Amino acid sequence: MKSFLTRPKRKLSPEPTSVTDDDEPTEVKLVLLSSVHPDIDQETLLDFLLAHDGSVDHASEALKSSNCHQDVKKSGVIGHQQSLRQYATGDATSPTKKKLKSKKGSTLHLFDPEDVAEHTPCTIIHNFLPPEEANALLKELLHEADSFEKITFKLFDNVVSSPHTSGFFVESYEDMMSQKSEYYYNGSQLTDVRRITPELTKVKPIVQAAVNKEIQHRIKTRYPNGKKLKHQSPNAWVPNSAFVNCYNGAQQSVGWHSDQLTYLGPRAVIGSISLGVAREFRVRRVVPKDGDTKSAEDSDAEGQISIHLPHNSLLVMHAEMQEEWKHCVTPALSIDPHPIAGNKRINITYRDYRQRMHPKYTPRCACKVPCVLRVVQRKKENFGKYFWMCHAGNVPGKEGCSFFQWAEFDDDGNPVVNGSTVRYSQR
Ligand SMILES: O=C(O)CCC(=O)C(=O)O
Ligand SMILES: [Fe+2]
């Protein structure tokens with residue numbers, strides 16, 4: 001079945017893609033599973049897909065032999081998510097934090113910021129902005145979202161739409177022009193790049209201060225020897241672009257992915273604000289394999305963890321996130337309408353596009369397109385190594401080339417070429 005799948009052909013969007021070659025986009029797999037099991041909800045299909053390492057065939061077989069179909073008839077609602085309490089050991093009424101564990105094939109739900117910091121590569125701040133500010137930002141972006149477009153990709157030679165819309169905002173006219181002419185996302189250039197809005201501008205310094213504080217706290221409290229990670233930038237995080245997603249209704253979602261590091265560099269940090277309808281953000285660790293059979297512990301390490309993102313929350317995705325974890329926003333069984341946003345959720349990811357990662361320094365492949373930066377996630381051999389490859393073949397109707405080059409970075413995440421750190425010109 002896999003051989004019929006085409007890799008994602010997203011066009012005109014900075015939306016990140018999956019960074020492992022063995023993963024087809026989850027949206028595509030869900031479409032396929034749904035067509036075979038139309039009576040089973042997306043949530044359950046997703047859980048089965050995850051439990052079978054993303055194999056549509058195996059998930060489908062397991063669904064056939066499971067009692068999910070009967071459960072639907074009986075109760076009308078299915079799914080086998082588990083609550084936090086089921087992971088607690090000892091006193092069932094007071095779960096021991098350290099013992100919380102994700103399990104393969106089920107989902108650990110986290111609401112408490114302390115649990116999020118402890119068990120995921122993220123931290124969350126609830127009630128982040130003054131309420132009036134959050135509402136003003138939400139209203140402004142709901143208006144912008146009216147003209148957002150869906151991301152499209154190719155399925156069986158047809159271009160199909162991803163189930164949410166998005167827009168990309170940069171700080172200046174110069175950046176807009178540069179984004180349209182120099183930057184490539186999935187092999188294409190963007191046409192819809194917008195100037196940052198007044199409310200996004202107002203909120204930016206608040207996000208910047210909070211994210212930098214969270215980064216320092218994370219380093220002190222969680223990283224080995226209280227030191228930043230290898231390849232993590234020692235410089236302050238300064239967001240200069242915002243990627244905004246709109247999820248209209250319970251079914252809108254984004255599939256499992258890691259964010260592209262091409263212009264952010266290694267060990268990127270991202271500040272993500274949620275507004276409007278509360279939705280679930282899921283993360284799962286990517287455990288590298290070396291061809292041996294996986295242990296149960298490995299499988300459990302890949303279990304999903306769900307972080308609940310209410311209106312006016314800031315989620316910081318820390319430096320360990322993109323290289324070692326994947327994330328998604330799952331379709332919901334139901335949602336609580338928001339007084340301003342109705343059924344919509346707005347998500348803003350503030351990003352720090354690094355000057356040293358500007359496409360003028362990016363290797364170009366035989367197609368003359370600046371390459372995409374990826375990291376080895378699945379294979380134990382070369383795990384964590386970065387590489388540049390061609391992504392021109394992601395454009396519908398185009399073939400890519402076989403360009404491949406290992407990418408080297410110094411301890412602070414600066415590109416190293418021929419043994420020397422790249423010196424870049426300041427704008
Ligand atoms: O909507 C969200 O919370 C996450 C969006 C996301 O993962 C992305 O834009 O890369
Ligand atoms: Fe993402």
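Q: Over residues 365-410, how far apart are the end C-alpha atoms?
A: Residues 365-410 are 0% helix and 30% strand. Helices (H or I, at least four residues) and strands (E, at least two) are DSSP runs, numbered from the N terminus. The end C-alpha atoms of this stretch are separated by 23 Å.

Q: Which UniProt annotation covers residues 365-410?
A: This is a predicted model, in which local features need pLDDT of at least 70, side-chain atom pairs count only at pLDDT 80 or more, and totals for chains, interfaces and linings use all residues. Residues are numbered from 1 along each chain as its sequence is written, and chains are lettered from A and ligands numbered from 1 in the order in which they are written. UniProt positions are given in the numbering used here, with shortened feature names, and annotations may be inferred rather than shown by experiment. For residues 365-410, the unreviewed UniProt entry gives "domain: GRF-type".

Q: How many residues of domain 2 are in contact with domain 1?
A: Domain bounds come from an automatic or database domain assignment, which gives domain 1 (113-288 + 300-356) and domain 2 (362-406). Two residues are in contact if their C-beta atoms, placed from the backbone, lie within 7 Å. On the domain 1 side 13 residues take part, and on the domain 2 side 20.

Q: In which order do the five strands of the open sheet lie?
A: Two strands pair if DSSP finds at least two bridges between them. Here the pairing is antiparallel, and the edge strands β14 (372-375) and β18 (420-421) each pair on one side only. The order is β14-β15-β16-β17-β18.

Q: Which residue in β18 stands opposite Val416?
A: Strand β17 covers residues 415-417 and pairs with β18 over two bridges, in the antiparallel sense. Opposite Val416 stands Thr421.

Q: Which strands each supply at least two residues of the shell around ligand 1?
A: A residue is near a molecule if its C-beta atom, placed from the backbone, lies within 6 Å of it. Ligand 1 is surrounded by 11 residues, the closest being Asn245, Asp259, Val329, Asn347 and Thr349. The strands that each supply at least two of the shell residues are β6 (241-248), β12 (325-329) and β13 (344-351).

Q: What percentage of the 427 residues count as buried?
A: The protein has 10 helices and 18 strands. A residue is buried if 20 or more other C-beta atoms lie within 10 Å of its own, with C-beta atoms placed from the backbone. The buried share is 44%.

Key: Buried ≥ 20, exposed ≤ 12 C-beta atoms within 10 Å, placed from the backbone.
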